[in-house]
Number of protein chains: 4
Amino acid sequence: MRTGVWLVGARGSVATTSIVGGLALRANLAGPTGCVTELPDLRGPALPAFADLVFGGHDVVTTPLCKRAEALASAGVIPGRLVAALPDELAAVEEELRPAPSGDTQADRAAAAVRDLAGFRDRHDLDRVVVVNVSATEPAARPHAAHSDPEALRAALSGPDEVLPASSLYAYAALEAGCPYVDFTPSTGARLPALHALAVERGLPYGGHDGKTGETLVKSVLAPMFAMRNLAVRSWSGVNLLGGGDGANLADPAANAAKVESKQRVLGETLGYVPQGDTRIDFVEDLGDFKTAWDLVTFAGFLGTRMRMEFTWHGCDSALAAPLVLDLARLTAAAHAAGRVGPLTELAFFFKDPLGAPTHSLAEQWALLTGFARALHAAAPGSADGHAA
Amino acid sequence: MRTGVWLVGARGSVATTSIVGGLALRANLAGPTGCVTELPDLRGPALPAFADLVFGGHDVVTTPLCKRAEALASAGVIPGRLVAALPDELAAVEEELRPAPSGDTQADRAAAAVRDLAGFRDRHDLDRVVVVNVSATEPAARPHAAHSDPEALRAALSGPDEVLPASSLYAYAALEAGCPYVDFTPSTGARLPALHALAVERGLPYGGHDGKTGETLVKSVLAPMFAMRNLAVRSWSGVNLLGGGDGANLADPAANAAKVESKQRVLGETLGYVPQGDTRIDFVEDLGDFKTAWDLVTFAGFLGTRMRMEFTWHGCDSALAAPLVLDLARLTAAAHAAGRVGPLTELAFFFKDPLGAPTHSLAEQWALLTGFARALHAAAPGSADGHAA
Amino acid sequence: MRTGVWLVGARGSVATTSIVGGLALRANLAGPTGCVTELPDLRGPALPAFADLVFGGHDVVTTPLCKRAEALASAGVIPGRLVAALPDELAAVEEELRPAPSGDTQADRAAAAVRDLAGFRDRHDLDRVVVVNVSATEPAARPHAAHSDPEALRAALSGPDEVLPASSLYAYAALEAGCPYVDFTPSTGARLPALHALAVERGLPYGGHDGKTGETLVKSVLAPMFAMRNLAVRSWSGVNLLGGGDGANLADPAANAAKVESKQRVLGETLGYVPQGDTRIDFVEDLGDFKTAWDLVTFAGFLGTRMRMEFTWHGCDSALAAPLVLDLARLTAAAHAAGRVGPLTELAFFFKDPLGAPTHSLAEQWALLTGFARALHAAAPGSADGHAA
Amino acid sequence: MRTGVWLVGARGSVATTSIVGGLALRANLAGPTGCVTELPDLRGPALPAFADLVFGGHDVVTTPLCKRAEALASAGVIPGRLVAALPDELAAVEEELRPAPSGDTQADRAAAAVRDLAGFRDRHDLDRVVVVNVSATEPAARPHAAHSDPEALRAALSGPDEVLPASSLYAYAALEAGCPYVDFTPSTGARLPALHALAVERGLPYGGHDGKTGETLVKSVLAPMFAMRNLAVRSWSGVNLLGGGDGANLADPAANAAKVESKQRVLGETLGYVPQGDTRIDFVEDLGDFKTAWDLVTFAGFLGTRMRMEFTWHGCDSALAAPLVLDLARLTAAAHAAGRVGPLTELAFFFKDPLGAPTHSLAEQWALLTGFARALHAAAPGSADGHAA
C-alpha cells in the first residue's frame with residue numbers, strides 16, 4: 001500500500017523531523033520511539049509500512065531540506081549521524097518539494113496545488129496521498145458566506161476575495177485531488193461546512209486539530225485524575241515559553257489567541273467547570289526548538305483543604321510531533337482504504353482540539369483509538385478476518 | 001443498610017479526618033469533595049448512605065478524639081468550625097473507641113478484638129461492620145510456617161510466638177468476627193494464604209493495599225501517558241518530604257522500604273520496564289500534615305531526543321485519604337451485601353499496591369471500578385434491576 | 001522618641017498587617033521575625049522602639065480595621081489569636097483613621113491631609129510622623145509642566161486640573177506638614193522635581209520605591225550570583241500569579257506595566273545586559289493573599305554549555321511587606337531626627353526600584369544599609385558616641 | 001610567568017574540560033565565560049595569562065585525553081569543534097600525563113610524584129607548578145598519629161601503613177616538590193596539621209575545599225537573603241541527582257556522607273541555626289554529565305506566616321567547575337609569586353567548605369576575593385604600584 005505523505009510546510013521543523021525520521025525508519029537506522037502506531041495495541045496489517053511512505057510537500061520558504069536537517073541536528077533535535085547517513089534519500093524528497101502554489105485567484109492556486117498532488121501520486125504510483133498541514137499557525141479565519149456550501153465556495157474562489165485562509169485552501173485542494181487531509185495545527189483547515197460537504201461528496205476522511213505534544217498532553221491526563229478523584233480544581237494557570245519559528249509566530253497576538261483557546265478547552269470539557277487561570281505563550285528565542293511549560297494547579301480536597309500541584313515540561317515539539325505526523329498519515333491512509341468518510345473523531349488522542357470533541361481524557365481517547373485500529377486491522381486484506389484483496 | 005466503619009488507628013490523622021468528615025456529611029455541614037462514590041459514575045442504591053455510617057475503632061494511643069480533631073483544625077487539615085459544630089457526635093464516636101486489645105497470646109488479643117467488633121455491631125444494630133486499617137505502616141512481616149493455612153495459624157496464635165504482624169492480627173479478628181477487612185496501609189494485612197483461605201471460608205471480601213493519595217496517584221496517570229505515546233522513560237526519581245506521625249514512622253528504614261517498594265511498582269508494571277531512579281521518603285517535621293513530593297522524569301522521544309518533566313505535589317495526605325476511607329467502607333459494605341468473597345481487585349483505583357494488581361493505570365482502574373459499581377447497583381434491592389429484598 | 005506611622009491605604013492588607021504586628025510587638029505577643037531593624041547589624045539607639053510607634057492613616061474604603069484584621073486571620077495571613085487579643089488597641093487605631101481628604105481642588109485636598117497629619121501629631125504629642133504609602137498601585141503619571149517646580153506646583157494645585165497622581169498629592173501634603181514620606185508602591189510618590197525641591201526646602205528625607213518582597217528579592221541575589229560567576233544569562237522569564245486586592249488591581253494593564261518595568265530593572269542593571277524574556281503578572285483570585293511566582297533562567301557556562309535554573313516562590317506579600325513598613329518607618333524617623341534631607345538612597349535594600357538606584361545587588365544594598373544604620377546609631381543621643389541630648 | 005597546572009585526576013571530566021578550555025582560550029577559539037578571573041573586578045597583571053598555562057597531571061586510568069574530550073563533546077559538555085580544532089595541543093598535553101605513581105611504600109610513591117612534578121617544571125621551564133586535585137571524592141580519612149607533625153609523617157610514610165589518603169599524599173608530594181596545592185574536592189588533601197606545617201616550612205600556599213558549582217552555590221546566596229530579611233528558615237531539604245563518574249562514586253555511602261556534610265554546612269553557618277531537612281545525593285546514570293538538584297525551603301515570616309520556596313538547578317558540573325580550576329590555578333600562582341604562605345582563606349568564594357571558613361555568604365566571599373586580587377595586582381611587577389621585577 002504505497003502511501004504519499006504530502007506535508008504543507010514541508011521545510012519546517014516538524015516536517016523535516018518527520019521526513020528524516022521516516023527515512024531513518026525505512027533504512028532501519030532508528031527505532032520507532034514516539035510512534036504510537038508501533039505499539040502492540042495499534043500496529044497491524046491495515047497500516048502502510050514505514051517503507052511504503054513517500055514524502056513530498058509545499059513550502060513558502062526555499063531553504064534546502066538537507067540544510068534544514070543539518071540545522072536541526074545542530075540544535076539537538078535530531079542526531080547528526082542520521083542526516084549524514086541519508087543524503088540521497090533527502091535529495092530524493094527535495095525533488096518532491098514545491099513552492100507555495102501561485103495564481104491570480106484562490107481557484108488558480110488551488111488548481112495548481114491539485115496538479116502538484118496529482119503529479120506526485122502519478123510519479124510514484126501511489127495508492128493514495130495523505131495531506132498533512134504542519135505549517136505555521138494562522139490567525140482565526142474571518143467568516144465568509146461562501147464557507148457554508150461547496151458550490152458557493154467554488155464560485156467565490158474564482159473571484160478576487162481571499163475567501164479561505166491558507167490552511168483551508170490546502171484542505172480544499174487536497175479534497176479536490178481526492179486526498180484525505182489532516183490538520184496538525186490549530187488553523188481552520190477542513191473545519192468549514194463547505195469543506196465537510198466536499199469531503200463527503202468525494203468520499204474522503206479528514207482529521208485534526210492541533211497536535212497535542214506538550215503541556216496539553218499532560219493536562220489531558222491530569223485533569224481526568226482530578227475529576228476521577230472528585231477533587232475541586234480551583235485554578236489552573238500555565239505559561240509556555242518557546243523559541244523557534246513557532247514561538248516567533250505565536251508571539252503574534254492573533255495566532256496566540258487561537259492556540260491558547262485550544263489549550264484551555266481540555267479543562268472545561270474534562271472537569272465540567274472552568275477553573276480560574278489562563279494559559280500564556282511567550283517567545284524566548286534562546287530556547288530554540290525546545291519549549292518549557294510551567295503549570296500551577298490549586299485544588300480543594302475533602303472539607304475544603306487547599307492543595308497544589310505544579311509541573312514543568314521541557315520538551316522538543318518537533319521531536320514529539322514528528323512521529324505523530326507519521327502515525328496520522330498511516331492511520332488516515334488506512335481509514336481511507338477502508339472507505340471511511342468525513343471527520344475521523346477516533347483520532348482525538350492526537351489533538352488538543354479534536355474534531356467532534358468526543359472526549360478530552362487521554363485514556364478515553366486511547367480506548368477510541370485502539371478500537372478504531374482494531375476495526376481497521378480486522379477489515380484489512382492482510383488480516384485473518386479481512387476481506388480477500 | 002446500617003454500616004459500621006471500624007478504624008484500626010482510630011485516633012490517627014486519617015481516621016480522625018474520616019470521622020469528622022463522615023459526621024459533617026451526615027449533618028449536611030460539608031459536601032463530598034474528594035469522595036469518589038458521590039460521582040455520577042459511581043453513586044447508586046447499593047451503597048450505604050453517609051447517614052447510615054457508624055464509626056468506632058481501636059487505637060494504642062488515648063488522646064481524646066476531639067483533641068485530635070482540634071489539633072487537625074489548628075494544622076489546617078479540617079475547618080475548625082466543623083469540629084466546633086459536632087461536639088456531641090464526636091463524643092458519641094469517642095464512646096466507641098477501644099484501646100488496642102490485650103491478652104497473653106495473639107489468640108487472646110484476637111478474641112478480645114472479635115468481642116469489640118461484635119459488641120459494636122450489636123449495640124448499634126448494624127447490618128455489617130467494615131474494618132479499615134489506617135494505622136502506622138509496619139515493617140515487612142517475617143515469614144512464618146503458620147501463614148499458609150488457617151488451622152495452622154489458629155494453633156500457632158495460641159502459642160507464645162508473635163506469629164502475625166498487628167495488621168494481620170486485626171485482619172484475622174475481623175474475618176473471625178464476620179467483618180470485611182480493608183487495608184489502607186502497605187502493611188501485610190490480609191495478604192497471607194491463611195487469611196485468604198479464612199475469608200473464603202467465612203464468605204467475606206477484603207481489599208487493599210496502601211491508599212494512593214499523592215505522588216503515586218500522579219504517577220498512575222503520567223506513566224500510562226508516556227506508555228501510550230511510546231516515549232522511552234529513562235529515569236524517574238522522586239523524593240517525598242513529609243511531617244506528621246506518618247513521616248516520623250516512615251523515617252524508620254524498615255517501614256520506609258515497604259512504602260518505597262510499593263511506590264515504585266506502578267512504573268515497572270505500567271511501562272513494561274523499570275527506568276533508572278529511586279523514590280525517597282524523608283521526614284521534615286515542619287511540613288506537619290502536608291507532604292511535598294518532587295519527581296523528575298527524563299525521557300527520550302523520536303530519534304532519541306532527550307526531554308524531561310518534573311512535578312511538585314503539595315498535598316495533605318489526611319484530606320486526600322479520608323474521603324477514600326469512606327468510599328472504601330461504602331463499596332466494601334455493598335460488595336459484602338452482594339455476596340462477594342475474597343480479594344476485591346476492582347478497588348485497585350484506590351491503591352498503590354492493589355490486590356491482584358490487575359493494572360496500575362488509573363484510567364483502567366477507573367473502568368474496573370465503575371463497572372464494579374454498576375454491577376452492584378444493578379443487583380441492589382433498591383435498584384430497578386435489583387432482586388427483591 | 002514618639003513616632004507616628006501614617007499609612008496611606010490604612011485599611012489595606014499590608015497596612016492592617018503592619019498595624020496588627022506593630023501592636024502585637026508592643027504588647028510582646030509576637031516576635032520580630034521579618035523585621036530587619038531587629039537584626040544585630042541594624043538595631044540600636046537611633047531607632048524608635050516598637051512601643052513608641054503610633055498608627056494612623058487615610059483610606060478610601062471604610063471597612064472597620066478589626067473586620068479587615070479578622071479577614072486576614074481567616075485567610076491565614078495573621079494569627080487569629082492576635083486579632084482577638086488586641087481589640088482595644090485596634091479600636092484606638094481605628095480612631096486615627098480618616099477617609100481620603102476631600103475638597104474642590106487638589107490644593108484643598110492637600111490642605112485637608114495636612115490638617116489630618118498635624119492633628120494626629122498634636123493629639124499624640126509625637127516627635128514626628130512618617131507617612132508611608134501602601135495604597136494600590138497607580139498607573140504611570142502623566143507629565144505636567146508644574147511637576148518641575150514647587151511654586152508652579154502650588155499654583156497649579158489650586159486650579160481645576162488633576163495635576164498630581166494621588167501618591168504624589170499625599171507626598172506633597174506630607175512634606176507640607178513637615179513629615180518624611182516613604183513610598184512602598186511603584187507609584188510616582190515623591191519622584192517629581194517639584195517634590196524633591198520641596199523636601200529640600202523643608203529639610204525632610206524621603207524614600208522609595210516599590211517594596212521588594214518576593215520574586216524580585218530572589219532576583220536581587222541570583223542575578224549577582226550569575227554575574228559574580230561570569231555566567232552568561234541568556235533568558236530570564238517570570239510569571240507572578242496573585243490574588244487579593246493587589247492582584248485585581250494589577251490585572252489593570254496600566255498598573256501592571258508600571259510594576260513589570262520595576263521588576264525587570266534589576267536584571268539589566270546587575271548583569272550589564274538585558275537577557276531575553278519577560279515578567280508577567282496574572283490575577284488568580286483563588287490564591288488570595290498569597291502569590292506564586294515562577295522564574296526560568298537559562299544560562300551559558302564555559303565553552304557555551306547550556307544550563308538552566310527555575311524557582312517557585314510561594315509567599316504572602318502582606319506578611320513580607322508589613323515588617324518592612326515598620327522598618328522603613330523606624331529608619332526614616334531616625335534619619336529625620338539625624339537631619340537627613342532628600343532621597344534616602346541607603347534604603348535601596350527594601351525596594352525594587354530604589355531612589356538613586358545605587359545598586360540592585362542585595363548584598364551591596366545590605367552593606368549600604370548597615371553602614372547607614374551604624375552612622376545613625378553613632379550619632380544618636382543614647383549612643384556612647386552620640387551627642388548629648 | 002609560565003605556570004604549570006598539574007591536575008590530579010587529569011583524565012576526568014573536570015580536568016579534561018579545563019584542559020580543552022584552557023587550550024581553546026590560548027588559541028582564541030573560545031571566550032572566558034565562567035572564568036571569574038576575567039571579570040573587571042579580578043583581572044590584572046598579577047595573574048598568569050591563559051597563554052602561559054601549561055597542563056600536565058596524574059591519573060589512574062589510561063584512556064587517551066582526546067578520547068575523553070570526544071566523549072565529553074558527544075555528551076554536550078564541550079563543543080565538538082573545539083576538540084577537532086586542537087589535536088596537536090591535546091597530544092602535547094597527553095605527553096605530560098602520568099599514571100598514578102607506584103612504589104612499595106607511600107614514601108616511594110610520593111617521591112615518584114615529586115619526580116614527575118620536577119620533571120614537568122624543568123621540561124617546560126616553568127616559574128611554578130600549581131597542583132589541583134580534581135580526582136574522585138574519597139571517603140573521610142582515618143585519623144593517624146603521624147598526621148600531626150611533618151617529621152612523624154615522613155617517618156610513617158616509609159613504613160608499611162597507608163598513612164595518608166591519596167589526596168593528602170598528593171598534597172604532601174606537591175609541597176615536597178615546592179608546588180602550591182589546591183583541593184577542588186571534599187577529600188582531606190592538605191587539611192592535616194602535618195601538611196599545614198610542611199607548607200609553612202616550605203613557604204607555600206594551599207587552597208580548598210570542594211568546588212562550589214551548583215546547589216551549594218545557590219544556597220550561598222539564598223541563605224544570606226533569608227538571614228538579611230530576618231526570615232526564619234524552618235526546613236531546607238535538597239536532592240541532587242547526578243550521573244557521570246562523580247555520581248557513581250558518590251553512590252558509595254562513605255563518599256556521599258563527606259559530600260553531604262560539606263553541602264549542609266553553609267546553612268548552619270549562615271543562618272546561625274540549623275533548619276530541619278537533609279541533602280541527598282542519588283546516582284541517575286541517564287543524567288550523564290549533568291546534574292539536577294531540587295531544594296525545598298519552608299520559612300516563617302512576620303507573625304509566623306508560613307511560606308515556601310523551591311528551586312531546580314540543572315547544571316553541568318564539569319562546565320561549571322573547569323573555569324574555576326583555571327581561576328584557582330591563576331590566583332594560587334599569583335599568591336605564590338607574591339610570597340603568600342599557608343591556607344588561602346580569601347578563595348572561599350570558590351568552595352563549599354572553605355579553609356578557615358571565613359564566611360559562607362557568596363557576597364562576603366566576593367568582597368574577600370576582590371580585595372585579595374586587588375592586593376596581588378597592586379604588588380605585581382607589571383603594576384603601576386608594583387615593585388620592580
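Modeller: Let's go with chains D and B: 22 residues of chain D are in contact with 23 residues of chain B, contact being heavy atoms within 4.5 Å. Bear in mind that this is a predicted model, where local features need pLDDT of at least 70 and side-chain atom pairs count only at pLDDT 80 or more, while totals for chains, interfaces and linings use all residues. Residues are numbered from 1 along each chain as its sequence is written, chains are lettered from A and ligands numbered from 1 in the order in which they are written, and side-chain values use heavy atoms, with hydrogens and water left out.

About 2000 Å² is buried between chain D and chain B, and carbon and sulfur atoms give 50% of that. (Buried area is the accessible area, with a 1.4 Å probe, that two parts lose on being put together, summed over both.) On the chain D side, D:R280, D:D286 and D:W294 lose the most area to chain B, together 30% of what that side buries.

Now for the charges: there are six salt bridges between chain D and chain B, each a side-chain nitrogen of Lys or Arg within 4 Å of a carboxyl oxygen of Asp or Glu. One of them joins the side chains of D:R306 and B:D286, at 2.3 Å from N to O. As for where chain D touches chain B, the elements giving two or more residues are β7 (232-242), β8 (279-283), β9 (290-300) and β10 (306-316) of chain D; strands here are DSSP runs (E, at least two residues), numbered from the N terminus.

Notes:
Helices (H or I, at least four residues) and strands (E, at least two) are DSSP runs, numbered from the N terminus.
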